[in-house]
Amino acid sequence: MAVVIRLRRTGRTNLPCFRITATDSRFPRDGRSLENLGLYDPLRRDVAQQVQLDRERIEYWLSQGAKASDSVASILRRNGMVVARPQKKRERVRYKKTSVRTQRDAASKARADAKLARASVRKQQKRAAAKAAAAEAPKEG
């Protein structure tokens with residue numbers, strides 16, 4: 001079971017309040033939680049009362065391998081707790097999907113380019129033949 005320390009939204013519309021909970025990562029955001037670890041009320045004017053933490057239990061869960069979400073880690077750092085930064089996610093390699101239509105378009109473009117190349121070769125041959133004929137013709141005058 002992968003335990004995550006994350007925010008659980010409570011409160012009503014436009015008046016958010018969050019509980020800091022230890023939760024199984026498979027549970028939904030506002031679903032079942034293992035333990036409540038604190039409270040975060042971003043609308044309180046007194047900054048000292050915005051966050052209430054149960055430091056012992058948070059340290060316990062972190063020592064057991066729980067990972068704090070980015071927002072919870074930020075809150076914990078602001079309150080003087082040391083939280084390991086998460087490892088950077090590896091970039092996914094995305095392969096370009098080519099549809100049949102794209103493949104057909106590319107093939108027809110290749111055929112058109114080849115046709116133009118053959119036509120230009122023929123034009124060059126005609127010019128060369130015309131020059132040779134002009135050079136062999138007797139000059140009048």
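1. Helices (H or I, at least four residues) and strands (E, at least two) are DSSP runs, numbered from the N terminus. R6 is found in strand β1, residues 3-12.

2. This is a predicted model, in which local features need pLDDT of at least 70, side-chain atom pairs count only at pLDDT 80 or more, and totals for chains, interfaces and linings use all residues. Residues are numbered from 1 along each chain as its sequence is written, and side-chain values use heavy atoms, with hydrogens and water left out.

3. R6 is buried (under 20% relative accessible area, with exposed over 50% and partly exposed in between; 1.4 Å probe, protein chains only).

4. A polar atom of the R6 side chain lies 3.3 Å from the backbone oxygen of P28. Beyond its neighbours within four places in sequence, R6 is in contact (heavy atoms within 4.5 Å) with residues including R19, D24, P28 and V72.

5. β1 runs antiparallel to β2, and 10 bridges join them; two strands pair if DSSP finds at least two bridges between them. The two form a hairpin with two residues between them, and N14 in the turn has a positive phi of about 65°. R12 has L15 in β2 as its bridge partner.

6. Strand β2 (residues 15-24) has eight of its 10 residues buried. β2 also pairs with strand β3 (residues 35-40) in the antiparallel sense, over five bridges, and L39 in β3 is the bridge partner of R19.

How values were computed: Lys and Arg count as positive and Asp and Glu as negative; His and the chain ends are not counted. A salt bridge is a side-chain nitrogen of Lys or Arg within 4 Å of a carboxyl oxygen of Asp or Glu. A polar contact is a pair of N or O atoms within 3.5 Å; within protein, one must be able to donate a hydrogen and the other to accept it, and residues adjacent in sequence count only if both atoms are side-chain atoms.
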